[in-house]
Number of protein chains: 2
Amino acid sequence: MESGEIENFLHELCEVAARETLPRFRRPMSIDNKLDGGFDPVTIADQQAEAAIRAHVARQYPAHGVIGEESPAYQENAEYCWIIDPIDGTRAFISGLPSWGTLIGLTRNKTPVAGIMHQPFTGERYLATGDGAFLVHHRLRTGLRTSSRKKLAEATLLTTSPFHFPDRKIAAYQAVERQCRLARYGFDCYGYAMVAAGHVDLVIESDLNAFDIVALIPIIEQAGGVVTNWQGDVACNGGDILASANPQLHEQALAILSG
Amino acid sequence: MESGEIENFLHELCEVAARETLPRFRRPMSIDNKLDGGFDPVTIADQQAEAAIRAHVARQYPAHGVIGEESPAYQENAEYCWIIDPIDGTRAFISGLPSWGTLIGLTRNKTPVAGIMHQPFTGERYLATGDGAFLVHHRLRTGLRTSSRKKLAEATLLTTSPFHFPDRKIAAYQAVERQCRLARYGFDCYGYAMVAAGHVDLVIESDLNAFDIVALIPIIEQAGGVVTNWQGDVACNGGDILASANPQLHEQALAILSG
């Protein structure tokens, strides 16, 4: 697939997903029901969006695979696979906070080659298709470039919550945080977009699923950043993730996290 | 002043401030310099916006007072005073995160009567002028109503960082958090807007300045919520703040925080 064809299709999939998610965002019903374990419009939004994406892929590219949270993997050994999470950040979604996003990644022979993070409320689309990384917002297309800050002492670090780390990992996370200039919490997949855009320097999280991270890898890498797990291996299988603005910063954080 | 006159002027002041803040948001220069203690475009944005607001008030309402962070209070004993913070959430601002806001409150004889929280990047304006609380966004005007969740066990709690509390207050905060259904971090003044809009049920913070909270009090109160300090006294002088969706929830959280 050519880069332009991939980009057009990523935008189509975002629109298909947004028709299911955005009308359910900030509806009081969504909040009341989600955490009571009853009727759950958030999961319905997630499921409906995933079903709509799967149907659209099957229609346009019947030979491709799809891997997502809500249904079993489909043709997962196909050359091209779409790795999707229609609502990454459901807790933000139910709290009215526009830091959730729709993640759609494309792998070719198991390697991430393209991805998009769409925040339908703000309208931001952070994407990469092999030709570099871009923000598309209000019909403007801006090239993304990670920051050139190369020392932890200059870096801004994001993690969704410092309490998401299990006991044996929290010490490693905190050791990095202590060396950083600034740490901020919250923001889910939006934080990775901020690394690609050069505003934030590091994101550290643990125990992610593949569909939480695959879409974000090409965006950060094609903007100049690095994404691996805490052992320095490929991030595309999920696990404990470190995303950095540049290789120098990555090396310093990795030395602490893997130690 | 009539409610309509106040609202028109709040919108004017937001536009005056946004001309100084928004063009400086997500500019790499702002990030690099802010925390090095050198040339500091964030503080410049804050100062320029405050100066522009002060000048606009002096031109339109020369008898009114203005109280803000960047300059000494002006006519602070006037019947009407504008209490302003052009960039509430500077750390979010320098991290590219759209959870900062411009806060403009109006007091009459020291009592908050109107306020607005403007997030110029998303375009949301949460406001109250005595006629109820509203969100103005994309030319749509929507009435705001806090949630009716009345038990901590049903509540979503927000605080900017669990590490902002000094030692003697963290235990009280954590005692509330443990009873809540969900806690989220980050989001600065945006979190209070989410309480007014019914998506979040509680915000707890410590050691705020008056200009961090005065604008938000009428928005939450006129949407049905309650804002006091941790002793249950008026919040308009700042300090340790509890904002709740309704009186029942407020009472339960206050019993823990004041104990």
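**Two copies, one shared surface**

Hi everyone! Let's begin with how the two chains meet: 100% of the interface residues of chain A are also interface residues in chain B, so the copies meet through the same surface. Contact here means heavy atoms within 4.5 Å, and chain A brings 37 residues to it, as chain B brings 37 residues.

Some housekeeping before we go on. This is a predicted model, in which local features need pLDDT of at least 70 and side-chain atom pairs count only at pLDDT 80 or more, while totals for chains, interfaces and linings use all residues. Residues are numbered from 1 along each chain as its sequence is written, chains are lettered from A and ligands numbered from 1 in the order in which they are written, and side-chain values use heavy atoms, with hydrogens and water left out.

Now, how are the copies arranged?

Next, the area. Between chain A and chain B about 3,300 Å² is buried, and carbon and sulfur atoms give 62% of that. Buried area is the accessible area, taken with a 1.4 Å probe, that two parts lose on being put together, summed over both. On the chain A side, Arg181(A), Arg184(A) and His199(A) lose the most area to chain B, together 20% of what that side buries.

What about charges? There are 4 salt bridges between chain A and chain B, each being a side-chain nitrogen of Lys or Arg within 4 Å of a carboxyl oxygen of Asp or Glu. In one, Arg26(A) pairs with Glu124(B), their closest N and O atoms 2.9 Å apart.

Let's stay with Arg26(A), in the loop between α1 (3-21) and α2 of chain A. Helices are DSSP runs of H or I with at least four residues, strands are runs of E with at least two, and both are numbered from the N terminus. Arg26(A) has a positive phi of about 65 degrees, although it is not a glycine.

Is Arg26(A) buried or exposed? Arg26(A) is buried, at a relative accessible area of 14%. For that label, buried means under 20%, exposed over 50%, and partly exposed in between, using a 1.4 Å probe and protein chains only.

Asn109(A) also has a positive phi, about 50 degrees, without being a glycine. Asn109(A) sits in the loop between β3 (101-108) and β4 (111-119) of chain A, and counts as exposed at 52% relative accessibility.
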